[in-house]
Amino acid sequence: MRMTTITEAIISAALAQHGSSGAGEAVAAHAAGVAEHAGAALTSVDGPMWLGLIPLLPLLGVVIIAILACFNDKSKLPAWISVGLIGVSFILTLVTYLGWDGHSVIHTRLWEWIGLSWGDHPGQTLSSGFAFYFDGLSLLWMLFVTGLAALIGLYASEYMEHDLGLGYCRFFAAFCLFVFSMSCLVMGDNLLMLFLGWEGVGLCSYLLIGYFYKKKTAVDAGMKAFIVNRVGDLGLLMGMLLTFTTFGTVEYDALFTQIHAGTTASGVPLADTWQVWAIPLLLMGGAFGKSAQMFFYVWLPDAMEGPTPVSALIHAATMVTAGVYLVARMMPLYTADPNHVALTAVTWGGTITAFWAATIAMAQYDIKRIMGYSTISQLGYMFAGLGVLATTGGVFHVFTHAFFKATLFLACGAVMHGFAGQLDMRKLSGLWKIPGFQITVIAMLIGCLNLSGFPFTGGYFSKDMIIAEAFVTPDSVIWGSSWAGWLLLLTAGLTAYYTFRVFFRVFVGPVVYEPGEDLHGDAEHFHPHGPKWAINLVLTLLAVGCIASAGLYFVGGEHGWTGGMVHASSAVVETGHGKHGLLFGKNPHEIMFYISAVFGFGGILLAAWFHGPVGLAGLLIGNRTKADVVRMDPIARAIRPISTWAEHKWYVDEFYHLVLVTPLKVFAYLFSWFDKLVVDGLVNLFGGMPKVGSDVIGETTQTGVLHDYAQRMIAGVAVVLVVVVLVVF
């Protein structure tokens, strides 16, 4: 019997316990409920003008830091300015949230940005203001964007102190510009504002990934990120243009009203048009590019060439979730398709990416790159959650992931900072015994537990909501939803394994370390230095945030605090069951508590056996005598070439280089030679002919004899006279 049949039988049996009519009602409610959005019922209120300070204060920081750079400032003032202004933005966001009534949209319009009109018919007026749109979704995003940015800026004040001067100013100017761009993306009340922020964060990502511009790998990584994102951005731009031509607007309020009315701007039923699936697919292309999914993921691991604070802020907590935000924001459009084509694509795109990236992370040795592949995998969970209509679970995972992945990246950064750039787990071990690294180890452990979905952590609850919904959502609504659930469960086990593979090998066991390539001195006399107060403070606060995020699951009613925020936004999808769907005749989320815990524990135990201590004695003293020798090594050799392929990232980059980069280079060289030989050759030919003619004539006529010049002058005058006579008469 096929696995999908087994799953369907389980669900059918559970539904049968409540009667066949209950089963029919549950599926019908699920299928029909995907079009019911609380966002349509939200009231609109005018907000104060000072809300514009939230994005504009970081922009002010860019200006001030640029002035400091002109005066060659070599202090930490750029860091304190950045942290202070972004901190004020966070406070203003918090004040906005505390004053929000929980069921309205706050609008603030600063000025008219674009206003074009070329007729009186629908779709012939393009209006876009520099305006902000605060509902539950944008408020939730801005709380962690500004809050984490302020903390990571404080961390960077210490981490980047080796580059005081112009480099320090350049870093924090790009840092503030990023926060401004991300704020415009999230807060904008129309798609053009979103696109402004979208391109802004892409620019800042390029600048910060390639911060070490004298290092070729960093420059190449920045270019790779920029180019791959441009491909995805083309999909977003085409989706925006098609949205305007279909609905006649790019402003969220008018757009959602039109979608809920079920018609296009010309009055055609939306469900009968091809745009109902084409627009979401195009937007999905842009979202997948920015969030490193499917074919676009290759840029994010290489982005680890940037400074670690960049990895924590841009490539873990904020920028890469922009694609998730886009899909969540446009959920009314995604659910308008009765066939759910785009939602199915989002589900499987996220699920496959989550599994694929996890298999690569299992075989890597650079701890920062492992966290990079982990980010790709967790983003896949978020998209899968949105695809199976678990919008609350997907958004909750965005929130919890922002905290625990920032913690993990910054803990890795503290290791890198203290060991002269060393990130190879085969050259590090037993850090918990080294003075000065205890806070780093504790923060790393808390982050690892969250990422692994350890029971009662934030990551545990948010993953549970996604996976449980994948099993509850009927395959008739989202094709293969139950299959996606099984693959996500397997990925959860792989995640726990590779996460604690890092922790057991680097942070426990015998004390072994080698300095990295940033060492300037004698390696034999190298002594690692623990982080100072700024890094330790930020790691402590983030670890507390990881723990606190789990409590949000129990705050605010049935769906938790995040559920309340999502339900007061355009992202909400009412499926008719919430936490009370039927699986084995019980709450599916309660059942998933146990199932996901088994997969998580299994992954951790395997990691402990193959890479670290076993039992309490092993935890205290370690059972490894070397950092680069573990029990997994013989198995890895036995399953070659699979282990080798995974270590080389399944050769995807090499495949892209073969089928895309190499042909493009060949065409570039051919066109270059064509340009030089044919185009430039013809230009040079016609340009050289007068010169050759003048040289030939000059050699025969420039004799230096006076009467020869007089004869030619008379002949020339005669010719002119003949021409004049012919013309006149």
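Predicted model: local features only at pLDDT ≥ 70, side-chain atom pairs only at ≥ 80, totals over all residues.
1. The side chain of T344 comes to 2.8 Å from the backbone oxygen of H340.

2. Where does T344 lie? Its helix is α15, which covers residues 341-361. Is T344 buried or exposed? Its relative accessible area is 15%, and buried means under 20%, so T344 is buried. Setting aside neighbours within four places in sequence, you will find T344 in contact with I478 and W479.

3. The model has 1 cavity of 30 Å³ or more, and the largest cavity holds about 70 Å³. Its lining consists of S452, G453, G459, Y460, K463, D464, I467, A492, S596 and G600. By class, that lining has 5 polar, 3 nonpolar and 2 charged residues.

4. Which helix supplies the largest share of the lining of the largest cavity? That is α19, with 5 residues. Both α19 (458-472) and α23 (588-611) give at least two residues to this lining.

5. Next, the open spaces. The largest pocket has a volume of about 1,800 Å³. It is lined by 49 residues, and those closest to its centre are K215, T217, A221, D302 and E305. Two or more lining residues come from each of α8 (216-247), α16 (367-387), α17 (391-418) and α27 (652-701). If you colour the lining of the largest pocket by class, expect 23 nonpolar, 17 charged and 9 polar residues.

6. The second largest pocket takes up about 610 Å³. How many residues line the second largest pocket, and which lie nearest its centre? There are 29 of them, with M362, A363, M632, A636 and S643 nearest the centre. By class, this lining has 16 nonpolar, 7 polar and 6 charged residues.

7. At least two lining residues come from each of α20 (481-506), α23, α25 (632-638) and α26 (642-647).

How values were computed
Residues numbered from 1 in each chain as written. Heavy atoms only, no water. 1 Å grid on protein atoms, 1.4 Å probe; cavity = no way out; pocket = protein on both sides within 12 Å on 5 of 7 lines; lining within 4 Å. Points joined across faces, edges and corners; volume = space filled by probe spheres on them. Helix = DSSP H or I, 4+ residues; strand = E, 2+ residues; numbered from the N terminus. Nonpolar A, V, L, I, M, F, W, Y, C, P; charged D, E, K, R; others polar. Buried < 20%, exposed > 50% of the residue type's maximum accessible area, 1.4 Å probe, protein only. Polar contact = N/O pair within 3.5 Å; in protein donor to acceptor, adjacent residues only side chain to side chain. Contact = heavy atoms within 4.5 Å.
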